[in-house]
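Take a walk through this structure, one landmark at a time. Keep the sequence at hand as you read.

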Amino acid sequence: MELWMLVAAVLFSSASALAVDDGWALVVQAEIRGMEGYPMVLPCSFSHPLHSHHDSLQVSWRRGHGADSAVVFHCVSLSGVEGCEPALHQDQRYRLEGNPREHDLSLRINGATLQDSGRYYCQMEIQGKEHSNKMGTRVRVEAPPKILSVTLEGSSESGFSAVCRVQGSPLPDVQWLEPDVWLQGSGAAALIEVPNYHTISRLQDVQPQTHYTCTATNTLGREQATLYFLKPRPFCAQAGSLEPLTLLLSVTLGSKVTLVLGVGLWMVRRGTLQRPQWCRWR
């Protein structure tokens, strides 16, 4: 755990970005990397001409630019008052790490998520004039692989496929094992990238009475989940009874295990429990 905290606390930057505007200069880091769930600090400092700047000033941080931009933090530093008063209904995950009166506009993001990745821009306003850094800071939030689900899709007529939904940054590599043979490169598995750092891997033509293991790997770790596909027993429904269900059960034992099996329904009829008859294989 200490190692993870150390990694999360380290700021990785390629270069500082400097913006100069009429003697005002804002300096930010070109890139910051952090770990999901840990705090991040986006540095931003400014210098100014020698004249006094004791007026009130406003500090803003926004993510994105143009029509897609959104202000994630805004505060006002009043003349002669230490600190910076945040706006009403401000998201508490964001707060000013620095003191504007000490030329520090650094932003802190608590509990970073993958969705916090993007480009951020530091901006200040004083005496009715805005000063901002046009280059911005690229934020990369990274996370080890996380298998969101492993499911069985299809029917006996169209065929069954195993579907593994994975999340992580960098985007995880997904492979299948059946049960002791890697299925990579066979063309049996199709990989689809979806937004929000998700990947969907679909393994076609899976067969009953076997199990398939989905393994997700990136530079930060590895996770796997196993799907057990058991062929259901044939079912003979009595008149007025319900059709049998196929249930999906999930158990976590170190690695994830998903069990697919056929079951018969217990039914409530006239206040008593009745069990439908089972057919035998022919």
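A disulfide is a pair of cysteine sulfur atoms within 2.5 Å. The model you see is predicted, and by this rule it holds three disulfides.

Start with Cys164 and Cys214. Their sulfur atoms lie 2.1 Å apart, and a disulfide joins them. The torsion about this S-S bond is about -80°, so the disulfide is left-handed. Cys164 sits in strand β14, residues 159-169, and Cys214 in strand β18, residues 210-218, so the bond ties together parts that are 50 residues apart in sequence. Both Cys164 and Cys214 are buried.

Next come Cys44 and Cys122. This disulfide has its sulfur atoms 2.2 Å apart. With a torsion of about -80° about the S-S bond of Cys44 and Cys122, the disulfide is left-handed. The pair links distant parts of the chain: Cys44 belongs to strand β5 (residues 44-47), Cys122 to strand β11, and 78 residues separate them. Cys44 is buried, at 2% relative accessible area. Cys122 is buried as well, at 1%.

The sulfur atoms of Cys75 and Cys84 are 2.0 Å apart. Cys75 has a relative accessible area of 0% and is buried. Cys84 has 17%; it counts as buried because the cut-off is under 20%.

Now turn to the nonpolar cores. The largest has 29 residues, and Val59, Trp61, Phe73, Leu107 and Tyr120 have the most contacts inside it. Strand β11, residues 118-126, gives the largest share of this core, four residues. Another core lies apart from it, with 16 residues, including Val150, Leu203, Val206 and Ala225.

Beyond its neighbours within four places in sequence, Tyr120 touches several residues, among them Leu42, Trp61, Val72, Tyr94, Ile109 and Val139.

Gly111 has a relative accessible area of 30%, so it is partly exposed. Arg93 is 18 residues away in sequence, yet its C-alpha is 7.0 Å from that of Gly111. Setting aside neighbours within four places, Gly111 contacts Gly37, Tyr38, Pro39, Arg93 and Asp116.

End at strand β19, residues 221-229, which holds Thr226. Is Thr226 buried or exposed? Thr226 is buried, at 9% relative accessibility. Its side chain makes a polar contact of 2.9 Å with the side chain of Thr213.

How values were computed
Residues are numbered from 1 along each chain as its sequence is written. This is a predicted model: local features need pLDDT of at least 70, side-chain atom pairs count only at pLDDT 80 or more; totals for chains, interfaces and linings use all residues. Side-chain values use heavy atoms; hydrogens and water are left out. A nonpolar core is a set of buried Ala, Val, Leu, Ile, Met, Phe, Trp, Tyr and Cys residues joined through side-chain atoms within 4.5 Å. Buried means under 20% relative accessible area, exposed over 50%, partly exposed in between (1.4 Å probe, protein chains only). Helices (H or I, at least four residues) and strands (E, at least two) are DSSP runs, numbered from the N terminus. Contact means heavy atoms within 4.5 Å. A polar contact is a pair of N or O atoms within 3.5 Å; within protein, one must be able to donate a hydrogen and the other to accept it, and residues adjacent in sequence count only if both atoms are side-chain atoms.
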